[in-house]
Structures are given as C-alpha cells and as structure tokens.
Amino acid sequence: MNKQRLMRQIIVAILLGIITGWVFHYYLDANQTKEVASYINIITDIFLRLIKMIIAPLVFATIVTGLLSIGGSTSVGRITMKAMIWFIIAGLVSLGIGMLMANLFQPGVGINVAVAPQEEVNTGLNTSGFSLKNFISHIFPSSFASAMANNEILQILVFSIFFGAALSYINQKSQKTSPIANLIEDLARIMFRITDYVMSFAPIAVFAAIASAVTVQGLGLLYDYGKLIGLFYLGLLLLWAILSAVGFFFLGNGMFSLMKLIREPVALAFATASSESAYPKTMNALDQFGVPKKISSFVLPLGYSFNLDGSMMYQSFAVLFIAQAYNIDLSIAEQVMIMLTLMITSKGMAGVARASVVVVAATLPMFSLPEAGILLILAIDQFLDMGRTATNVVGNSISTAVIAKLEAQHGSDEQEIPQGEISRQEV
C-alpha cells in the first residue's frame, strides 16, 4: 500500500473514531457504552493479535541475519556498548524532564486528596513479582518455544544472539553459507511480506481503538484532566525537541528525512497505544533511511526493553503528581532517589501488561506514597499511553539511526547513511 495513502487513512480513521465514540458516549448510558466498546475492541484485538503473530519470527530472523552480516563478536560488543550508553543517558534525560515539569507546574497541587494509610485499593494491576531480580532472571529463556509463544522480545534477543553467533562460526569454519542461513534470510523476507498484508488493516484497527476509548471515557474527561494531560504532552514535546536536536547533531539534515519516514509508525503507535504495532513499520522506515539491517535488527529490539523514553518521563511525572495530590512534600534528594529507582525498576517493564502504570504502582509503596494514588491517573491512562508509546517509537528510531551513523564512521560499514536522501530498499 502506498505510504502516503496509508498515513492519510490513519489520520481519517482517528477523526472518525473520535466522532463515532462521542456519538455512542452521548446517546448511550454507562452500561451500554461499555458493551458497545467491548464489541468495537474486537477489531483492535484482532489487529494486535496479528501483529503479535509476526513479531517473534520477525525479530528472530532479522537479528540472526543481522549478526551474520556483522560477522565478529567485537562488532556486537561495540554496538551493544554504544546502545546502552545512549539508553542510559536518554533515560536519565526523560526522567529529568518528567521531574522538571512536575516541579515547575505542579499539576497535582490543589487536588487535596486525604491520605488513608490503611486503605486497601484494588487497582486491577498485577505488581506481584515485579522486581529487578526477577527481571534479570527473566531475561534468559528457559525455553525458546515459550519465548516465541509469549513474544518475549528480550528472551528472543538473547537466544538469537547465541544462535546467530553459532551459525556465523559454522559459516566461517565451512567457508560457505549454511542452508540454514539462507532459510532464515528467506524467513525474514516472508515475514516482511506478511507484515505488508497485516498493515493494510491498520486504519480499521486505529478507528476501532479510538472509538472504543472515547465511547467509554467521553471527551469530557479530557476537560476534567486538561491541565494534567496538557502538561504531560508539553513534556513529551520538550523530550522530542531534545531527541531531535541530538539526532540532528549526529545525522545533520538526514534528521529531517528520518522524522518524515517515521511519521507512519509514530501515528500507528499513538492511535493503538501499542509499540508492537509500530515495530514492523519502524524497521521498514529505518531501512528506507539507509540504516543497515545488521544494525536495526539488533538495536531496535534491544531498545524495546531498555529505551522507553516516553514511558520513563511518564513515570517520574506520575509519581510526583500523586505526591502533590496527597500534599506530600518530597525534597529534591528524595525526588532524585525516586528517579534513580525508576531508572532501574523500569527495566523490568518488558512483557508486563500496562507496564508504565505497573511500574508507578510498584514504586509508590517503596517511598511510602499512597498506593490509592494510582487511581487518580487510571481514568486517563489511555490518553497518556498514546503519547508515551509514540515517543518510545521516536526515541528508538533516532537511537538506532545514530548508532548506525557512529558505526559507519567507525569503519564497520562500507557506506554511510545518506543525508536527506530517501531511497526505498526492497526486502
């Protein structure tokens, strides 16, 4: 499908979804809106299931073929080191922006919620077993089949590294390309073709996702929480500006081409509030930009677990908003401690449903903040999730392109990323 045509269809789907959802919300009662939304959600669920169907084999095939083209273990280590340095710095900047926005504008001041220390609250979120220790052990798969079945991207990444390194060793020892390597390359091509088929349904899924959310929540919720939502998106814009400035420093005018290419996956991530839905299109956009698959197929999956800029900004913003709503004064030292804790615990969000909210819910009791505070933002989490998910896609796209540029300068690649030139490479 033509790229510009699909982008226009997604925008139209968002507008129609808002209108349809508002009509249902206005003319139906509360019980009816939930029932109608549940039926509308079937379309979105089917689309996300189709996306999840292709994610695991696509990640496996692209990582293995990428490692085969990289060749040496030194290159893998160097790329990983550059990626992790970027992820850590970007994470600290994201958390810092959330803390700055919350302190500067104080969105929670004046809500004056009474503290009830003994109050038991059922948030519907599963925070049991959520810890850095469990996350570290969870990285390593006990079964490749289980990792594939559950779309555990980080576990698939670990297995793919071992598999790709072993396959590369066999190719070098036999001095010829293994049939398995050819098979995996064909698998990658097949999965990209399936992706094209699935993405043709994206506008319908976007319409359903928006219509369902507005049917239940209504547009009135946006007015009630207008200050909080507005400040959060202002913070995201500031984060986008910083990421774009850093990207421009490394990529030059190519940064404008990159932002143009990722409009479609960003819009898709925003509308569906799902990073997974944007993964195939993000890979395709980076390919068109000129990022070698051996870089994008390795760095992008890694970023899906370690480089969630929008989610991290949301977490620091949300924790401080809750503290302000309960009139709990936190010193700068305490806020910095919270920020560093979020920097570590947020790495456990991979594979957790409603991950960002779960991280906030798990962090509150660590600093004696009321757990019931999470209820203050659950009502509008869908709208916040859309923005932070789109930001995650932007952050991962820029980081992957910059790391590819640095690798090109290092001499790992035969040619550098084109500056401002858009060339489509067929898969």
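**Helix packing, in questions**

Modeller: Let's start with a pair: H7 passes H13 in a left-handed crossing (the near helix is turned anticlockwise from the far one by less than a right angle; clockwise would be right-handed). Bear in mind that this is a predicted model, where local features need pLDDT of at least 70, side-chain atom pairs count only at pLDDT 80 or more, and totals for chains, interfaces and linings use all residues. Residues are numbered from 1 along each chain as its sequence is written, and side-chain values use heavy atoms, with hydrogens and water left out.

Colleague: At what angle do the axes of H7 and H13 cross?

Modeller: Axes here are lines fitted to C-alpha atoms, for helices over the stretch in contact, and angles run from 0 to 180 degrees between N-to-C directions. The axes of H7 (residues 179-199) and H13 (residues 275-289) come within 11 Å, and the crossing angle is roughly 125°.

Colleague: Which residues of H13 make the contact with H7?

Modeller: Contact means heavy atoms within 4.5 Å. H7 brings Phe192, Thr195, Asp196 and Met199, and from H13 come Ser277, Pro280, Lys281 and Met283.

Colleague: And how many charged residues does the contact of H7 with H13 have?

Modeller: Asp, Glu, Lys and Arg count as charged, Ala, Val, Leu, Ile, Met, Phe, Trp, Tyr, Cys and Pro as nonpolar, and the others, Gly among them, as polar. This contact has four nonpolar and two polar residues, and the charged ones number two.

Colleague: Now H6 and H14: how close do their axes come?

Modeller: H6 covers residues 153-174 and H14 residues 293-306. Their crossing is left-handed. The angle is roughly 145°, and the axes come within 9 Å.

Colleague: Which residues of H6 make that contact?

Modeller: On the H14 side are Phe298, Pro301, Leu302, Tyr304, Ser305 and Phe306. By class, the contact of H6 with H14 has nine nonpolar residues, one polar and no charged. The H6 side is Ile153, Leu154, Leu157 and Ile161.

Colleague: What about H8, how many of its 16 residues are buried?

Modeller: Buried means under 20% relative accessible area (exposed is over 50%, partly exposed in between, with a 1.4 Å probe and protein chains only). H8 is largely enclosed by the rest of the structure, because its buried residues number twelve.

Colleague: Which residue just after H8 takes a positive phi?

Modeller: H8 itself runs over residues 202-217. Just after H8, a phi of about 75° belongs to Gly218.

Colleague: Last one: how many helices are there in the protein chain?

Modeller: Helices are DSSP runs (H or I, at least four residues), as are strands (E, at least two), numbered from the N terminus. The chain has zero strands, and its helices number 19.

Definitions and conventions: The expected span of a helix is 1.5 Å times one less than its number of residues.
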